[in-house]
Amino acid sequence: MQQANMLVAPPSPWLLPGSEVRGEGERFTGFSVMLCALFLAFISGCATKSPPSTAEIRQQSSTLSNFALTNAWTAGAADGPIADNWIASYNDTELNALVAEAMANNPDLHVTAQRVELAAQYIELAKAAMRPAVNLLGSGGLNMGGGDITSALQGISLGVSWEPDLWGRMRYGRNAYQALYASAQADFEFGRQSLAATMAKSWFTASETWLQIQIAEDMVKAAEELVTLAEKRRQVGPGSEQDVALARANLGTMQDTAKQVRFAHAQTLRALELLLGRYPAAELQARRDLPVLPGPIPAGLPLEMLERRPDMVAAERRVAAAFNRVGEAKAARLPRIILNASVAAISSDILQLKSDFENPTGGVGARLIAPIYQGGALKTQVEIRTLEQKEAVAQYARLALRALGDVENALAFGKSLAERNQLLQRNVADNQRALELAQTSYRIGKISMRDVQQQQLSVYSARLALLRLESEQLSQRANLHLALGGSFENPTAQPATVGMTQSFPSPNGVR
């Protein structure tokens with residue numbers, strides 16, 4: 001068989017008739033045809049539709065629920081816009097440092113951050129599908145070795161293929177991923193705000209349990225004094241063995257209570273250390289008193305809350321993603337065109353190639369893919385995506401109603417706690433005075449030991465109730481800030497994210 005002395009390329013299977021390129025002038029004509037085809041495909045692409053705006057989403061969701069957003073809060077709140085940097089309002093420098101440490105080291109937050117980065121990579125993947133693909137192919141062999149007939153050819157080919165997005169299918173897919181990325185960013189920010197609120201509440205609980213330990217130790221000390229008093233009264237005559245036994249039993253109860261409170265305090269410290277990403281050794285030192293409750297805070301209007309809360313922004317972006325998925329599914333039912341061009345050079349020591357082939361050679365071509373019948377799969381896919389969009393709107397309405405309830409409950413609870421605080425302070429003072437009178441009556445023999453013990457328990461119960469309420473007021477304030485959507489720090493200027501109502505900081509530098 002005659003061997004070829006020149007590298008030649010076979011015609012491309014995707015070439016249009018007459019598009020093979022052989023000479024220099026013909027190569028110029030062929031690539032001109034390719035460029036014109038690419039240009040026509042580019043300008044013929046249909047524009048994608050914009051997803052519904054925030055106002056339109058709220059209007060759609062309002063048909064699923066019965067609530068108004070223009071009125072003020074029914075539970076009552078101070079006038080003015082929602083404030084940021086609420087952690088600083090507690091005037092606790094140690095709490096500020098702990099929150100910053102949690103933002104850097106909390107393991108759950110790291111998981112959410114990776115989800116944001118993953119969402120960003122899906123955007124890049126969607127963009128890559130819209131760009132031309134370039135492939136370099138090579139073939140070679142000796143004496144048809146390797147069991148592959150193509151090894152009889154030696155050569156190299158450079159090919160370029162590109163699918164113009166005529167109907168916006170790939171752009172809808174890209175837009176959907178961009179909306180999901182914005183949703184992941186908002187979820188990450190809501191996770192940060194939730195972590196800050198949890199840190200603050202856990203910090204207050206740690207101080208509360210430490211103060212409970214002090215009260216429990218006072219209870220043990222008072223019980224020990226009652227035991228001593230009961231023994232002295234028995235020695236001088238007015239007392240009895242029953243009073244002594246009752247006093248000792250009361251002492252044992254108080255000691256057991258103190259042990260339980262110490263254990264609860266250690267558990268609270270371990271929970272804090274886990275939030276901080278530390279080993280749970282219960283070595284963190286709690287604050288020795290509770291911070292002063294900040295004054296009333298402005299709550300703005302319900303509409304402002306929905307625009308600020310990151311979880312609501314995330315729900316809004318999920319609606320936008322579902323909208324784009326509908327557009328993507330509809331465009332998938334339309335024809336597709338794939339353009340390609342290649343240049344190649346081959347030779348063979350075995351096969352005889354055509355004498356009119358020249359090396360290098362190239363060509364341009366196109367492939368048409370038009371779905372005719374897929375068993376109803378493409379139509380069903382549109383229906384599925386449409387239902388997913390309706391579900392996203394319903395989820396937004398559900399979350400909006402829940403967010404409104406969060407704020408109203410927090411405002412009402414805060415008001416109730418403030419009223420109860422005054423009552424409990426008077427209750428502590430009255431019980432303390434009653435205990436002093438009971439102890440005096442016991443010393444002179446007018447009442448029994450049981451009466452003194454009962455009054456003593458009333459005093460400590462009142463003190464514990466007041467302490468718990470003061471801690472709850474601080475925690476409830478954190479819940480209110482979280483419900484209103486106010487940031488725990490001063491927001492920094494961030495680049496605008498595609499399709500987002502507002503921009504949130506990205507983890508690990510993701511943009």
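Figure 1. Rings of Phe, Tyr and Trp, the last by its six-membered ring, pair if their centres lie within 6.5 Å. By this rule the predicted model holds three aromatic pairs. One of them joins W86 and Y90, with 6.3 Å from centre to centre and 75° between the planes. This pair is edge-to-face, because planes over 60 degrees apart are classed that way.

Figure 2. Ring pairs link W86 and Y90 with F204 into a cluster.

**Figure 3. The stacked pair of Y122 and Y177.** The ring centres of Y122 and Y177 are 5.4 Å apart and the planes meet at 10°, so the pair is stacked. The pair links distant parts of the chain: Y122 belongs to helix α4 (residues 107-128), whereas Y177 belongs to helix α5 (residues 169-236). The two residues are 55 residues apart. Y122 counts as partly exposed because its relative accessibility is 37%. Y177 is likewise partly exposed, at 25% relative accessibility.

**Figure 4. R325 over the ring of Y177.** R325 lies over the face of Y177, at 4.5 Å from the ring centre. Y177 is also the stacked partner of Y122, and the ring of Y177 is thus described here by two contacts, one with Y122 and one with R325.

Note on methods. Residues are numbered from 1 along each chain as its sequence is written. This is a predicted model: local features need pLDDT of at least 70, side-chain atom pairs count only at pLDDT 80 or more; totals for chains, interfaces and linings use all residues. Side-chain values use heavy atoms; hydrogens and water are left out. Rings of Phe, Tyr and Trp (its six-membered ring) pair if their centres lie within 6.5 Å; planes under 30 degrees apart count as stacked, over 60 as edge-to-face and the rest as tilted. Helices (H or I, at least four residues) and strands (E, at least two) are DSSP runs, numbered from the N terminus. Buried means under 20% relative accessible area, exposed over 50%, partly exposed in between (1.4 Å probe, protein chains only). A charge sits over a ring if NZ of Lys or CZ of Arg is within 6 Å of the ring centre and within 35 degrees of the ring normal.
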